Amino acid sequence: MTDMVVTGLGIVVPGVAKPTQALDPVPAHSPGWFDVAAALPGRGYRWLPPACQYLLAAARSALEDAGDPLAGLPVERRGVVVGTNNASMALMDRMDRTIIDADAAELSPLSAPFFAMSLFASRLSTEHRICGFNLTVNTPRTAGLDALQVGARALAAGRAELLVAGATEEVLPAGEPGRQAGDVGAAVLVCEPLARVAERGATGYGVVRTRAAFLVPGAAGVPVSPVDVSPVDVSTMDSSWAEVCGAESPSVEAVLDDSPVGAAVQSWLAAQRAAVTFTTARAGCLTPLRRLVGLLATGAVDRVVLTAGAEGNVALTRLRPCAANTRDPAGS
Amino acid sequence: MTGRRVLITGLGAVCCLGTGVEAFWRGLCAGGGHAEPLADPHAHMRSPLMYQVPLPDVPAEPRRLGHVRLGAGPRMGVAAAHEALTDAGLDPQARRRLSVVLGVELGNADMHERRRSSAATRVDPRRGSDEVGALSCPEDGGRWVPLTVTAPAVAAALGATGGAVSLGDACAASGYAVGFAADTIRAGAADVVLAGGAEGISRVSVGAFNRLGAADPVRCRPFDRHRRGTVFGDGAAMLVLESAAHAASRGRVPYAELGGAGWSCDAYHPTAPEPEGRQVVRAMRDGLAEAGLAPEDIGAVVPHGTGTPLNDAVESRALRRVFGDRCQRLPLLSLKAMIGHTGGAAGAFGCLAAALMLRHGRVPASPPLEDPDQECAVFVPQQASVPLSPSAVLVNSYAFGGNNVSLVLAGRQGPR
Amino acid sequence: MRNVSVDKEELRALVADVLELPVEEVTDDADFVNDLEVDSLVALEIAVRLEKKYGVKMTDSELMTLSSLNWVHQLVKSKLDDAA
């Protein structure tokens, strides 16, 4: 198991001005809620897809919040992992319609590369000269928390000494199911190994540890009917929980939908005796990470954030207080 | 290198050369496949070419995962995964504990594209499932249908409960998947991980590369002076990675050892590689170092080699910097010239080819270059296969946007 | 609706828009690459916009030598004259 200290938080979500507000209900937003000129002054941002703008803006906040952790750190010792599910969907939709109705020759070259969702993290790397590695995770619903697991594994393997981890999403295009309730915005955490935090005299919000699991919907290899609440095998939840929590029973922040998998996890949670706060999951991977940012920012750090996707993916992130040098949440 | 040794004990594949690893190897030895124009009547672009999986080799099942209708990418991924697990001979308990890490750039994109074009005219039935145009089952019409469902689709089909992580680093995605799987095993967090990638046909991706001037109108011809870009291919490649101890306990003979990986990123430009290739060189050197090998211990390279003017030039120079004059004798396998650029699956296909080269002790000949680019001072055997010696292969996988991964595979007769 | 003539100020506005610069900075002779930081992708974007607006096609080599507003203006003008 690999632990990381979170030393910086940044969030760009409608109605949320700072990380301490990340637990507030997200209001309905209107186009224009994000002022790119204010958040990202200068050239080179206006033509970026919105989810890239959110990501860059949130990362700036997080790095500033962490007290300029890149200073003195060689570029090859910096890493980025970004989770996304829908960052490219609206762009792919527009591009496809152009190809269908006219010709690929009419595509805009400046935005065309972003059909690949890895370009969002790549642009973030370019912005901050991050040359260690830059990964994109796109597992449905769990990608934001998975990004923490993937990044932690990379830090533990010595591939970098600092991780910028986040999630970014954009509104789904018209015609895509789930559009009405989709994630929009970005959340970014600066994460470092404990040794480095001590060395640079930084303070941490908390320690995170993430574990992924997969719940097989119905019998393996057999197509699942969507109307039955098919038996979902939740037996691995016990071992996953034990791996991140040991024998402890912290309060749970659960981000779930009403799919058979979501319902099965909810039932499993009811059988544990932990206190649970439920948030309805949205299309995308941002909400669990947003909740995590809010918990860290407000000092509610003895928690588990848990999410699951209708397709079977589960992720759990255990938050614990730092041993020393804990951030004063009221100061942020 | 610290931690446990990682072996490759099972392989699976679906590509333009057909179904199965045997068809893949036979096809490579016979000179590879051919690019064909897309049958999609809505693919309005100058070069709508791809190295396409023959229709009978695109599985019809599984049709869905829960409420999500599955496109060709996830279905091919499942087929290749089944082959790899059977090849590895894993018992039911090991299968149940298995984690899955896949490189998936486009996932179910063909289903989303079909929804848009079915509104226009009748969709090409060659690639269809029933109820063309439906993303999800009618009863669940309102539920969100994620694009990248391949990893959960594979995990569900296998009954693998260890986790299903999906990496999206475009053309390097499954290279990173293999690397991440190896790190996980090395750290003792898993005994067996399925790593790989799967991609279907996406009109948007081919169109985008057309617009960016990165689509060759003839075929994929890396290192040729007249190359004008890449040509995509669909398919799936899967590898079972296993700790040496776990494999030994099963009496399993591996294809190869995954000796090490180097990761880097250019942080330079959305599409162009950094011209000096500094980070590309670093990824190769770090991979070698992690594997405990020197450049002279490598017997062959599976380059990224896409056929874009810039990649092939930068990569050739980088190979020169790492291998020096040995480049003149170090054989390359021009894999993308034979199966196309398989996007998210490309890194896994590179590792698959390397594992087979190590098993057979040979480097297949690549399709002949009409006019080798003198700027690319590399050795690509074209007349006949050559022996593989020493018994170690370097695999490069680079994503546009500047993500680089180099993996080192070593054979049982290797330098160790 | 495609233009059949090219007004230099309109062209200046188009280039300034892509480059995210005030029009005053896109002077007649400012070098795209050295003065205005235009890279291959931005040059391609300018070419695609010109194609849509004026109906002119750029060759690959013309794309690589988009050097200044004056140069682009002359190029578009001559292509329109050829087409007429």
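**View 1. Tyr51(B) and its partner across the strands.** Tyr51(B) stands opposite Gly233(B) in β10(B). Two bridges join strand β4 (residues 49-51) of chain B to β10(B), and the two run parallel; strands here are DSSP runs of E with at least two residues, numbered from the N terminus, and two of them pair if DSSP finds at least two bridges between them. The model is predicted, and local features need pLDDT of at least 70, side-chain atom pairs count only at pLDDT 80 or more, and totals for chains, interfaces and linings use all residues. Residues are numbered from 1 along each chain as its sequence is written, while chains are lettered from A and ligands numbered from 1 in the order in which they are written.

**View 2. The open sheet of chain B.** Three strands, in the order β3-β4-β10 (chain B), form this open sheet, whose pairing is mixed. Its edge strands are β3 (36-37) and β10 (232-233) of chain B, each of which pairs on one side only.

**View 3. The helices of chain C.** Chain C contains four helices and zero strands, a helix being a DSSP run of H or I with at least four residues, and its pattern along the sequence reads α-α-α-α.

**View 4. The dimensions and burial of chain C.** Taken along the principal axes, the C-alpha atoms of chain C fill a box of roughly 35 × 25 × 20 Å. Of its 84 residues, 27% count as buried, that is, with 20 or more other C-beta atoms, placed from the backbone, within 10 Å of their own.

Key
A residue is buried if 20 or more other C-beta atoms lie within 10 Å of its own, exposed if 12 or fewer, and partly exposed in between; C-beta atoms are placed from the backbone.
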